[in-house]
Amino acid sequence: DSQSAKKLYELNLGAKCYDFAFSADSKTFTAGVPLNGFVVTQWEARTGNKIQSLTFKDPKLSKATFAPDGTLLALWGQQVAGFVADAKTGKGLYKAK
């Protein structure tokens, strides 16, 4: 909690976190970890409850962020072209050229 400086909860991500980002409305956040590829997990910010996890096979991925409306997920990393996926299914929609 930013006002009281009290820790609300602690997350066990299973690996070193490569990426962390809050949603535009600050209600959720994502954490990306290199775990059997790249795993992006979305959490409720107030409670720490997991909303969903998506696993992507490419181990070169290291960054992810949700669109402000939460429907799309952009992913990228060093030496890998970025792409956009459906935020619910993880299905790739299009790649950067």
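This is a predicted model: local features need pLDDT of at least 70, side-chain atom pairs count only at pLDDT 80 or more; totals for chains, interfaces and linings use all residues.

Colleague: In what order do the 4 strands of the open sheet lie?

Modeller: Strands (E, at least two residues) are DSSP runs numbered from the N terminus, and two of them pair if DSSP finds at least two bridges between them. Here the order is 1-2-3-4, with antiparallel pairing. Strand 1 (19-22) and strand 4 (50-56) are at the edges with a single partner strand each, so one side of each has no neighbour in the sheet. On average, neighbouring strands are turned by 15° against each other, direction ignored; the axes are lines fitted to C-alpha atoms, and angles between N-to-C directions run from 0 to 180 degrees.

Colleague: How many bridges join strand 3 to strand 4?

Modeller: Strand 3 (residues 38-44) is joined to strand 4 by 6 bridges. Q42, for instance, has Q52 in strand 4 as its bridge partner.

Colleague: Where is D25 placed, and which side chain does the side chain of D25 contact?

Modeller: D25 lies in the loop between strand 1 and strand 2 (28-33). A polar contact is a pair of N or O atoms within 3.5 Å; within protein, one must be able to donate a hydrogen and the other to accept it, and residues adjacent in sequence count only if both atoms are side-chain atoms. The D25 side chain makes such a contact with the side chain of S23, at 2.6 Å. A polar atom of the D25 side chain also lies 2.9 Å from the backbone nitrogen of K27.

Colleague: Is T41 buried or exposed?

Modeller: Buried means under 20% relative accessible area, exposed over 50%, and partly exposed in between (1.4 Å probe, protein chains only). T41, found in strand 3, has 8% and is therefore buried. D25, at 46%, counts as partly exposed.

Colleague: Which residues make up the largest nonpolar core?

Modeller: A nonpolar core is a set of buried Ala, Val, Leu, Ile, Met, Phe, Trp, Tyr and Cys residues joined through side-chain atoms within 4.5 Å. The largest one has 12 residues, including F38, V40, L54, F56 and L75. Strand 3, strand 4, strand 5 (63-66), strand 6 (72-77) and strand 7 (80-86) each supply at least two of its residues.

Definitions and conventions. Residues are numbered from 1 along each chain as its sequence is written. Side-chain values use heavy atoms; hydrogens and water are left out.
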